[in-house]
Structure formats: C-alpha cells, structure tokens
Amino acid sequence: MATAAAPRTDRTPADGAPGATADTAAHQHAFDTAVAAEERIEPRDWMPDAYRATLVRQIAQHAHSEIIGMQPEANWITRAPSLRRKAILMAKVQDEAGHGLYLYSAAETLGTSREELLDKLHSGRQKYSSIFNYPTLTWADVGAIGWLVDGAAITNQVPLCRCSYGPYARAMVRICKEESFHQRQGYELLLALSKGTPEQHAMAQDAVDRWWWPSLMMFGPPDDSSQHSAQSMEWKIKRHSNDELRQRFVDIAVPQAESLGLTLPDPDLKWNEERGHHDFGAIDWTEFKEVLKGNGPCNEQRITQRRRAHDEGAWVREAAAAHAAKHAGSTGRTGATRA
Ligand code: FAQ
C-alpha cells in the first residue's frame, strides 16, 4: 500500500485488467482498508462503482463551476478602473479556466471524457455552483466575489486536498494556493473602496449585502437534507459536513468584515459564547432550490454564453487536434490527439 504522497501500484487491478475476476469482496476489503488507513485511491485501483460515480459527479460540478464562474467577473475586465486592477482580474479569470482544466483532467482519470461532461453541462444534466447565477452589477462585486465567494471556496476546498482520491486531492493543492490569491485581491479591493469616498463605501456595502447570503448557500443544503454527505464523508471524499464548513466560514468572515469597516446583512449574527461560534440567521432555502432548478437571476444567460463560447471554440479544438495528430505522426507516437 502506498502512502498518501505517492501513487499506489500494488492495489488490486481495475476492471478489465488482468485479475479482474478476483473476488469483489476482497477488492472491497482492500479499498475499505486503504480508505481507513488514509491511503490514496489511484486511477488504476479497484473502487466501488458508486465511489467512482460520486467523484465524477462532484468533480464535474466543481469543474463546471470554475468555467462558468469566469463569466460574472469577466464582465468587468474591460471596465476595470486601473491597469493594475485589470491585470489582477485577468490573471484571476485565467486561473479559473486553469482550475477547470485540472478538474476535467482529474475526472478523465475516472474514465469520463471532458466532452461528455461538457455535453452534460450544456444540456442541463449536470450542475454548477448556485453562486454563479447572480449578476455582477458594480465594480465592487468583483471585490465581494474575491472576498466572499473565493473565501467560501477555500473553506470548502482546503479539506478536499485530503480527499481519498489521489488525482482530485493533488489538483486541489494547486487550486487552493491560487484561490488564496483570489481571496486576498478581493479583500484588498473592498478595503480600498470601503476606505474611499462615501459613494465607494456605499458601493462596497451594497455588494456585500447582495453576495453574503448566496455565499452561505455555496456550502450546499443543511446537513439534515444533504443526500450525499454521509456516504461522501465515509469514503473520505468530503472531510466535513456542509453545516460545519458554513459555520467555519461565518466565523472567519465576521472579524474580516469588521476590519473592512463593512456590515454583514444579518441582524441575527452574534457571538455565542457557549458554542464558541457565531449564531447566524435563517438561510432562504427556497431561493437556493429555485436557483438550482434554473430560476436564478442569471441561469439562462450563463448557460447560453457557455454554449456560445463552446461553439465558437470549435475551430480551436479542431486545430489543436490536427496539430497533435501531425506531431504524433512526426514523432511516431500514437493517440493523444485531443484538444
Ligand atoms: N450549487 O448532498 P449534497 C468556486 C447540489 S468553485 C449547486 O450536500 P454534495 C471557485 C449537489 O450537487 C465552487 N448545486 O451534495 C470560484 C446535489 O445535487 P446532485 C464550487 C449544489 O456533493 C470562485 C444536491 O445539491 N465548489 O467557487 C450546491 O455532498 C470565484 C444535494 O447536495 C465545489 O464544487 C450549490 N451550492 O455537497 C470560481 C467544491 N450545493 O449532484 C470563480 C466541491 C449542493 O445530486 C470565481 N464540491 N448542490 O444533482 C463540494 O464540496 C460538494 O459537491 C458540495 C455539495 C458541498 C458543493
């Protein structure tokens, strides 16, 4: 059995490999033992079908969120107020495309192609994060997304660096490093606005008022209605429940809001000495469900734009495939012709 740091080579083989007829119970036992021992499951290892399906579902949703998540902020690149802000924002949006690529690659190691996943996104058969169905109305929204949305993403994603599936865990390490820069730039942007003119302060406050509650929804439904959490935590895909991570995020955000000189839009938000956490108000789960059903403010716009970008990029994929085929021919290599 390999350690968490190194890919495993001695696990029972995957279906189709020599020895695949070996007893499923023995495979299951080896898998359970590895997960219990905090070892990483690697692509060629045997894994339960449901474990594979859960990973594909979560990684695909995560990848889709990254590439759809480029849209709300890209909306402001041409209107960034300075060269410095523009360069930062362009770098951030490019990072998000990169995160999508790492994640689609991680999903490919589970036997699911990027084309198949994109097709499911475009046809509404797979989800992306609810948060990206809200509009970016002012420049301050770029700051609020960085501070709150990236902040929530980091809180959720740092534990995923310890996910039991190796390729996903390793992708998350790099993603989290980049998300930290994203969160920091958002905080710094909001701080500049908050300490600026009264109009700039009001713009920052308005953005925080609109993004706070949707950011709390990013962590998913409450634990008692989270259908996948228990099994995902047993498999060590998820390390904490949705509510635990949401609470952690609130506890981190409250002092940061104070430093920013901004108010979080929740009259019920207060420190609870007994619990050692902040209490906070009720989340509007009806709104969350509506957004998931496709009825958020920007669902239609986001998916239409995504399909258009995909269609307009067809020639790039074709050219890259032709180049790869030519290169493979000249070096005598075969395969690897995908864009
Ligand atoms: N939005 O049983 P659970 C980012 C669905 S990346 C939409 O609790 P699970 C970076 C869920 O899929 C943001 N759907 O599910 C960035 C399931 O439906 P299904 C994305 C949601 O998987 C920043 C159903 O509800 N991050 O922001 C949402 O155990 C700035 C029942 O839920 C990740 O994906 C939601 N908010 O827990 C980019 C992180 N919540 O699939 C650009 C990885 C739940 O059966 C700019 N994912 N659902 O049809 C996870 O940690 C988990 O998948 C959860 C959900 C926590 C999101």
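Which residues lie nearest the centre of the largest pocket? In this predicted model, select Gln61, Ser129, Met218, Phe219 and Gly220, which lie nearest that centre among the 50 residues of the lining. The space around which they are gathered amounts to about 1200 Å³.

Next, colour the helices that give two or more residues to this lining, namely α2 (49–68), α4 (83–108), α6 (140–157), α7 (166–194), α10 (242–260) and α11 (285–295). If the lining is then coloured by residue class, it divides into 20 nonpolar, 18 polar and 12 charged residues.

From there, turn to the second largest pocket, with a volume of about 740 Å³, and select Ile67, Met70, Arg306, Ala309 and His310, which are the closest to its centre of the 26 residues that line it. At least two lining residues come from each of α3 (70–74), α4, α5 (114–122), α12 (299–312) and α13 (314–331), and α12 supplies the largest share, with 6 residues. By class, the lining of this second largest pocket holds 12 nonpolar, 8 polar and 6 charged residues.

Finally, return to α11 and show the side chains of Trp285, Phe288 and Val291, the buried residues of this helix. As a last stop, select Asp284, which caps the N-terminal end of α11 with a side-chain oxygen 3.1 Å from the backbone nitrogen of Thr286.

Conventions
Residues are numbered from 1 along each chain as its sequence is written. This is a predicted model: local features need pLDDT of at least 70, side-chain atom pairs count only at pLDDT 80 or more; totals for chains, interfaces and linings use all residues. Side-chain values use heavy atoms; hydrogens and water are left out. On a 1 Å grid over the protein atoms alone, a cavity is a set of points where a 1.4 Å probe fits but cannot get out, and a pocket is an open set with protein on both sides within 12 Å along at least five of seven lines; lining residues have an atom within 4 Å of a point. Grid points are joined across faces, edges and corners, and a volume is the space filled by probe spheres set on the points. Helices (H or I, at least four residues) and strands (E, at least two) are DSSP runs, numbered from the N terminus. Ala, Val, Leu, Ile, Met, Phe, Trp, Tyr, Cys and Pro count as nonpolar, Asp, Glu, Lys and Arg as charged, and the others, Gly among them, as polar. Buried means under 20% relative accessible area, exposed over 50%, partly exposed in between (1.4 Å probe, protein chains only). A polar contact is a pair of N or O atoms within 3.5 Å; within protein, one must be able to donate a hydrogen and the other to accept it, and residues adjacent in sequence count only if both atoms are side-chain atoms.
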